[in-house]
Each structure stands twice: as C-alpha cells, then as structure tokens.
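Please look over the chain shown here.

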Amino acid sequence: MTQIASKKELSFEDFKTEILNDYKIAVTSRECSLLGRREVLTGKAKFGIFGDGKEVPQLAMAKAFKNGDFRSGYYRDQTFMMAIGQMSIQQFFAGLYGHTDIEHDPMSAGRQMGGHFATHSLNEDGSWKNLVMQKNSSADISPTAGQMPRLLGLAQASKIYRNVTGINNKTNFSINGNEIAWGTIGNASTSEGLFFETINAAGVLQVPMVMSVWDDEYGISVHARHQTTKENISEILKGFQRDSDNKGYEIIRVKGWDYPALITAYEQASQIAREEHVPVLIHVQELTQPQGHSTSGSHERYKNEERLAWEADFDCLRQMKLWMIATNMASQEELDEMEATIKKQVLEGKKAAWNAFVEPIQKEQKELVALLETIADSSDNKVFIQKYSNELAGLKEPIRKDILTTARKVLRIIVKENSRNQLAKWIENYTETIQKKFSSNLFSESDKNVFSVKEVLPTYDESAEQVDARLIIRDNFDAIFSKYPETLIFGEDAGNIGDVNQGLEGMQEKYGEHRVADVGIREATILGQGIGMALRGLRPIAEIQYLDYLLYAIQIMSDDLATLQYRTRGKQKAPLIIRTRGHRLEGIWHSGSPMGMIINAIRGIHVLVPRNMTKAAGFYNTLLETDEPALVVECLNGYRLKEKMPTNIGEFKTPIGVVETLKEGKDITLVSYGSTLRLVEQATKELLEIGIDAEIIDIQSLLPFDVNHDIVKSLAKTNRLLVIDEDVPGGASAYILQEILDVQNGYKHLDSKPETLAAKPHRPAYGTDGDYFSKPSVEDIYEKVYAIMSEVNPSKYPNLF
C-alpha cells in the first residue's frame with residue numbers, strides 16, 4: 001500500500017495494522033535518537049546528530065518511494081531508512097560507534113559519523129546490482145546542501161533512460177525512466193548557493209525530482225529570520241510554480257505533524273514527478289527538533305519557553321498518537337504498551353551493537369597482553385613492560401589506538417633485546433590488517449580499475465595528414481558515442497556549437513540533445529549531473545569550459561565524488577569523466593594551472609594531463625573501459641596545432657599512471673607535463689647546441705604518478721633533476737618532487753640539488769608578455785638547466801649572470 005486512500009481496498013484491521021506499523025517505526029527511530037544521545041554523552045560514541053522531530057514526514061516519503069528510486073539526502077533521515085527496510089536498530093548504533101565492519105555498519109563501515117546513509121549498489125566484485133529491484137540511497141555527505149548537485153544527476157538519469165534508445169543493460173538501472181530522485185534538506189541549508197543552483201537547473205531540465213525541505217525554523221541556533229527572506233523558502237520560490245503557459249515546479253506545503261495530509265502530499269508529488277517528469281518541492285513546515293541540533297549542545301540555550309512549549313505540543317509523534325486515538329486506530333493503553341516494548345527492543349539492539357563493536361577489539365587487546373607478558377618474562381625491562389601490559393589489560397572498553405600505542409611504546413624499551421623482532425613483527429602485521437579498515441577503497445579495487453586497461457598505440461598510414469588537433473578529439477568522440485550508447489556529454493557551449501574549440505562539432509546534430517547537451521553557467525551542478533547519472537549506470541562526461549572555473553565545482557568533486565568509493569567502502573561508484581581545458585594561455589582567468597590545489601583536494605579522482613589531443617583522446621578511450629572517475633585537462637592552446645590523424649580512432653588507449661620519455665639524454669632529467677612540454681622541447685634543442693644533453697619525461701598523469709618508477713631510472717643515468725611546472729611555486733612541483741625523491745627514493749642517484757622551476761606566485765597577467773613574465777619561458781628553462789650544469793662544470797659552462 002502506498003497511500004492512505006488505498007484503505008478502500010483493505011479491511012479496517014489491515015489498514016489499522018499498517019498505521020500501527022508506521023507508528024512503531026517512528027517511535028523506534030525516536031528511541032534510537034534519545035538513546036544515541038546518551039551514548040555520546042557517556043563517551044561510547046564521539047558525536048551524534050539525529051532525526052528526532054522529523055519522523056512522521058519521513059514515513060510518508062517512504063510510502064511513496066519505490067524500487068529503483070534514489071534518495072540524495074540529509075543526515076536526519078534515519079526514520080526514512082528504517083521505513084524502507086535499509087537500517088535496523090543495531091545498524092543505527094553500529095554507525096554511531098563507528099564499527100569498521102561493513103556487515104555491521106552497511107552505511108560506511110565506520111568511515112562516516114552516524115546519520116550518513118547509503119545503500120549498496122555494487123556486488124562484492126564491484127559489478128552493478130540490479131538497482132531497479134531495490135530501494136536506493138546515494139551516500140550522504142555532511143557539507144550542507146552538498147547533496148543537491150548529485151540529486152540533479154540522479155533525477156536526470158531517468159530522463160535519459162526514458163528518451164535515449166539503445167542503452168546497454170538499461171533494465172538494471174531504469175524501467176522507462178519511471179524512477180524518482182528524492183532529495184531532503186534542512187530549511188537553513190536552503191540558504192546555500194548549491195540549493196538554488198540545483199533548484200533552477202532541475203526546473204530548466206524538467207526532471208523527476210521531489211525535494212523535501214524539513215523546516216523546524218532553525219539552523220543550529222540561528223532562527224529562520226536570519227536565514228531566509230520572508231522566513232519561508234516556498235514563499236520565495238513561488239515564481240518557480242508551473243502554470244498553464246510555463247514549465248516549472250509543483251510546490252506543495254504541508255504540516256510536518258499532520259500524518260494524513262503528509263501521505264496525500266507525498267503521493268501527489270510521486271505521481272507528478274514519476275509520470276510527468278516535473279520537479280516537485282515539498283515544504284514540510286512546523287517540524288520540531290526535540291534534542292536540538294546535535295550532541296554539541298542544548299537547544300534550550302536559544303529557544304524561549306514559548307517555543308519549547310509549542311514544540312512539546314506539536315511534536316509529530318505526539319500529534320500522530322493523538323490522531324490515532326481520535327480515529328480509533330488504537331487506545332492510549334495500547335500505544336503506551338507498544339512504546340514500552342520498543343524501548344526494550346532499542347536498548348537490546350544498542351547492547352548487541354556495542355558488544356559486536358567491542359568484542360573484536362577486546363580479543364586483539366588480550367592477544368597483545370599475552371604477548372607482552374611472554375616478552376616481559378625474559379626481559380631486563382620486565383617491570384616497565386608489565387606496567388604497560390597491566391594498563392592495557394585494565395581498559396574495559398579499549399580502542400585500537402590504545403592497543404597499538406602500547407605495543408609501539410614497549411618496542412622502544414626492548415629495542416636492544418632479542419624479543420624485539422617478535423613484537424615488531426606483531427606490530428607490522430597488526431597495522432597492515434587494521435589499516436585497511438580505515439584506508440581501503442580510495443580507488444576502485446575491482447577488475448575494471450585504471451590499471452586493468454592495456455596501452456594501445458595510435459596507428460598511422462604512411463600518408464597520414466597533419467590536421468588541426470581538434471579534429472582528432474572530435475572524431476574520437478564520434479567513435480565513443482557510436483560505440484557506447486550510454487555515454488553522454490554536457491557543458492557550457494558543448495551542444496549547439498560543438499564546444500568553444502569545436503571538439504564536439506556536429507555531435508549534437510548526430511546524437512541528439514539528450515546525449516550532447518548545452519547547459520547553463522553553473523559548474524557545481526554540471527558536476528552533480530555527472531555524479532548522479534554515473535551512480536545510475538550511465539557514462540557521463542561533464543565538461544567544465546575552462547580549468548579556472550573548476551573552482552566552482554571543486555567542493556563537490558572533493559567532498560562527494562572523490563570520497564564516494566572510500567566512504568561507502570567500495571559499495572557505490574560513479575565513474576564520471578570530467579573534461580576541461582587549461583594550461584598556457586593569456587590572462588588571470590584562462591591560464592588554467594592551479595594543479596597543486598586540485599590534486600591535493602580530489603584524492604580519489606585520477607588527474608590526467610595529456611600534452612596533445614591524441615593523448616587526450618586515448619585517455620577517454622581508456623577511462624570508458626574502467627569504473628573510476630577522472631579529470632582530463634586538455635591543452636587549451638593545442639586545438640589548432642597540427643597532429644597526425646590516427647587510423648584507429650576510438651581504439652587507441654593512453655595508459656594511466658605511466659610516464660613517457662620524449663627525448664633521451666645523459667646530463668639531466670627534465671620532468672614536466674601539458675603545454676609546458678613544448679617549451680621544454682625547444683629549450684633542450686638550444687641546450688644541445690652547447691653540449692648539454694637533457695632527457696625529457698612527460699608525466700602524463702599526476703594522479704596516479706609514475707607507477708612504474710621510470711623517472712628514478714632516468715635519474716640513475718643522468719644524476720640530475722629539474723621539474724618544470726606552470727603552477728605556483730610549491731604547487732604541483734612540490735608534489736612531483738616528493739613523489740620522485742621520497743616515494744621513488746630518487747635522492748640516491750643525485751649528484752646535484754634537485755630543483756623546480758615554477759610560475760610566479762601570482763596569476764598570469766594579460767597578453768603574451770603577461771604569459772612570458774608569469775610562467776616559465778624557454779629562456780627560463782634554458783638558464784635554469786645551464787645554472788645546474790655550471791655548478792657541475794664551471795669552466796665549461798661559466799656563469800651567465
């Protein structure tokens with residue numbers, strides 16, 4: 001049954017049973033919130049943020065939520081997750097404790113705080129489950145409104161599945177695009193730009209999205225009068241209401257304590273969104289927050305007595321209970337008895353979750369204590385070892401930090417004793433085992449990760465013509481769209497004109513507006529479209545027109561996409577390809593090289609920096625055979641340069657994480673990437689004229705970096721290193737140097753100080769001179785290499801300055 005109106009088809013007893021079951025779920029959720037807060041205050045859990053006060057509207061949402069639908073929500077949706085059968089009492093508390101076993105905490109295996117919900121989209125081998133046969137929740141993130149861009153993409157996927165023919169395995173992800181993406185957010189977070197950007201984009205795209213705003217009039221301690229114009233989000237969004245002449249939203253207002261009205265509202269919203277593909281905003285008003293925002297403090301500090309009294313009276317559970325009694329669904333006594341039983345069940349579930357959490361750690365504790373006792377028996381430092389051992393044994397509720405800290409401190413004491421090896425081995429094994437619980441799945445661990453794809457070189461006819469490089473990208477995209485019907489690309493100017501550099505010329509006309517699409521100027525939700533559609537089995541390519549404008553989307557990339565596999569412990573994936581262009585051009589806003597910021601913000605996404613369009617095309621071909629997200633940065637000044645047209649367009653593949661030696665040399669190794677390589681090549685030609693023979697290595701991929709350690713092999717030959725980078729000093733060049741010297745141990749082979757040559761600390765000024773005086777030039781590279789060689793052989797290379 002999905003709505004109260006269906007009671008005509010049921011007996012009164014069946015109808016009553018369903019209502020009572022709803023109330024049971026709501027009370028169970030409330031008891032979990034109340035007991036959860038106590039667990040934080042007693043120290044068993046670190047932090048708690050709960051869904052109390054929002055239970056009844058979430059019941060209504062769950063009734064309208066069908067298999068195949070997706071949620072992109074808010075960290076107070078625990079009642080909803082319980083109502084759709086995706087979270088038990090024990091799992092709720094496992095999440096609160098941070099249990100690192102995915103079987104106990106299926107939401108994140110302890111990687112996120114409680115209140116962050118997810119379902120499993122993937123099988124153990126990383127392959128897709130049949131998502132239309134289950135109820136789905138994309139994995140939550142904490143940043144307020146951060147769930148909104150992804151929500152847009154989840155909804156757009158239904159539009160694509162309904163309107164694009166020939167998509168492979170379509171039935172695993174959609175049934176004629178009938179699925180709804182359900183969003184939830186707190187009223188205060190509607191002040192965020194991501195909320196408004198998404199609301200506008202969904203209205204333009206007309207996607208099946210139902211957006212619920214849980215409105216309790218506060219954002220932590222700050223009242224709505226400081227948050228929202230007119231203190232009412234639906235009031236100020238009235239201009240989005242559709243009418244007979246204009247497409248838009250259906251906007252519904254409903255009281256959060258009115259169970260029958262909520263059921264009706266959500267059924268209406270479901271029907272409109274599912275059948276018509278019209279977005280719906282449900283403003284759920286007059287909600288309460290009985291325990292305040294979180295365990296960080298009490299709401300009594302900022303709510304007056306009148307407000308607190310109103311909240312007690314209009315608590316949604318109290319109002320539902322009064323309605324049930326008034327309509328003869330149950331008596332006061334029956335409901336009181338139910339509530340008492342639920343309290344016991346929640347307490348039992350909490351105890352079971354705690355025992356499951358602590359027992360494995362206690363076993364590890366006993367194992368180390370026994371080992372330390374054995375070591376102490378034959379040690380000159382027996383007294384000190386036993387002190388540590390007794391302290392550890394005395395901990396009734398240890399954590400793994402306690403265990404490992406003890407072992408490492410004892411190791412210092414016995415460093416000169418024979419038993420050192422035994423304890424050191426234990427520490428190494430324990431660390432290796434436990435570290436995986438906290439560090440696995442940053443990238444894909446399936447057989448479709450980026451290292452599973454073998455290199456395929458481009459092939460050429462003897463008469464291969466030199467063409468504008470944009471034609472290689474264009475023809476490769478043509479081959480991609482033909483080969484993979486589930487691929488689509490979208491971005492500013494990507495559709496009608498074929499992108500600003502004509503790399504998609506003619507593609508919209510050939511493949512249609514759903515697969516090659518123009519979008520508005522809204523980078524964050526362009527990324528969100530890609531994330532959501534990738535979560536639903538499509539292969540989107542999200543285009544950000546220039547690398548400089550990636551900053552609008554960096555938060556979504558960093559907090560959502562980059563962490564997805566990690567925060568679900570490999571149970572969700574979004575193999576989104578982000579296409580952009582940057583590097584050498586002219587001016588502050590189109591110079592495009594903030595690589596240090598990017599690579600350090602988006603660990604979990606591969607960062608690829610091809611030097612030309614053939615390499616870029618090869619990266620796209622590689623990525624479409626993998627299940628991982630990546631950023632591809634094309635050279636902005638390379639589209640009109642000439643390259644040979646390959647004969648195997650769409651088939652050649654650039655390996656990821658593999659460097660390429662462009663020129664061999666014996667005197668010094670020059671490492672760079674992207675457009676700067678052309679300057680490096682010119683400088684080495686001029687250096688060769690005076691007898692300096694430099695080796696040039698193209699990084700190609702910043703994340704991952706030189707997995708075969710080929711750069712250190714070059715250093716073993718040349719014994720000198722210069723990293724040339726157009727990012728600011730200490731940006732990507734610092735990362736590259738750390739990889740070479742620290743990870744690859746390249747320092748062992750150096751006879752000269754390793755050096756970097758980066759851009760100036762400021763953005764490039766406008767014009768050709770602006771570029772010349774802001775970023776490394778041919779002369780800068782020449783003189784830097786010359787100075788290094790001058791130190792080696794000053795008589796042959798006397799100082800220039």
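## Basis

The model is predicted.

## Helix pair α1 and α10

Helix α1 spans residues 12-41, and helix α10 spans residues 316-326. Their axes come within 11 Å. They cross at roughly 155 degrees. Angles over 145 degrees count as roughly antiparallel, and α1 and α10 are therefore roughly antiparallel to each other. The crossing of α1 past α10 is left-handed.

On the α1 side, the contact uses Ile19, Leu20, Asp22, Tyr23, Ala26, Val27 and Arg30. On the α10 side, Cys316, Leu317, Met320, Lys321, Trp323 and Met324 take part. By class, the α1–α10 contact has 10 nonpolar and three charged residues, with no polar ones.

## The six-stranded sheet

Six strands make up an open sheet with parallel pairing. Their order is β2-β1-β3-β4-β8-β7. The edges are β2 (136-137) and β7 (250-255), each pairing on one side only. β7 runs parallel to β8 (residues 280-285), and six bridges join the two. Within this pair, glutamate 250 stands opposite valine 280 of β8.

Helices pack on this sheet. Helix α2 (residues 55-64) touches β3 (181-186), β4 (209-214) and β8. The direction of α2 makes about 170 degrees with that of β4. Helix α5 (residues 147-163) touches β1 (70-72), β3 and β4. The direction of α5 makes about 165 degrees with that of β3.

## The five-stranded sheet

Another open sheet has five strands, in the order β17-β19-β18-β21-β22. Its pairing is mixed. β17 (660-663) and β22 (755-757) stand at the edges. Each has a single partner strand, so one side of each has no neighbour in the sheet. On average, neighbouring strands in this sheet are turned by 25 degrees against each other, direction ignored.

β17 and β19 (residues 694-698) run antiparallel, joined by three bridges. Threonine 661 stands opposite isoleucine 697 in β19. Helix α24 (residues 732-743) lies across β18 (668-672), β21 (721-724) and β22. α24 runs at about 150 degrees to β21.

## Annotated domain

An unreviewed UniProt entry annotates residues 467-641 as "domain: Transketolase-like pyrimidine-binding". Over residues 467-641, the chain is 36% helix and 17% strand. The end C-alpha atoms of this stretch are 8 Å apart.

Note on methods: Residues are numbered from 1 along each chain as its sequence is written. This is a predicted model: local features need pLDDT of at least 70, side-chain atom pairs count only at pLDDT 80 or more; totals for chains, interfaces and linings use all residues. Side-chain values use heavy atoms; hydrogens and water are left out. UniProt positions are given in the numbering used here, feature names are shortened, and annotations may be inferred rather than shown by experiment. Helices (H or I, at least four residues) and strands (E, at least two) are DSSP runs, numbered from the N terminus. Axes are lines fitted to C-alpha atoms, for helices over the stretch in contact, and angles run from 0 to 180 degrees between N-to-C directions. Angles under 35 degrees count as roughly parallel, over 145 as roughly antiparallel, 65 to 115 as roughly perpendicular and the rest as oblique. A crossing is left-handed if the near helix is turned anticlockwise from the far one by less than a right angle, and right-handed if clockwise. Contact means heavy atoms within 4.5 Å. Ala, Val, Leu, Ile, Met, Phe, Trp, Tyr, Cys and Pro count as nonpolar, Asp, Glu, Lys and Arg as charged, and the others, Gly among them, as polar. Two strands pair if DSSP finds at least two bridges between them.
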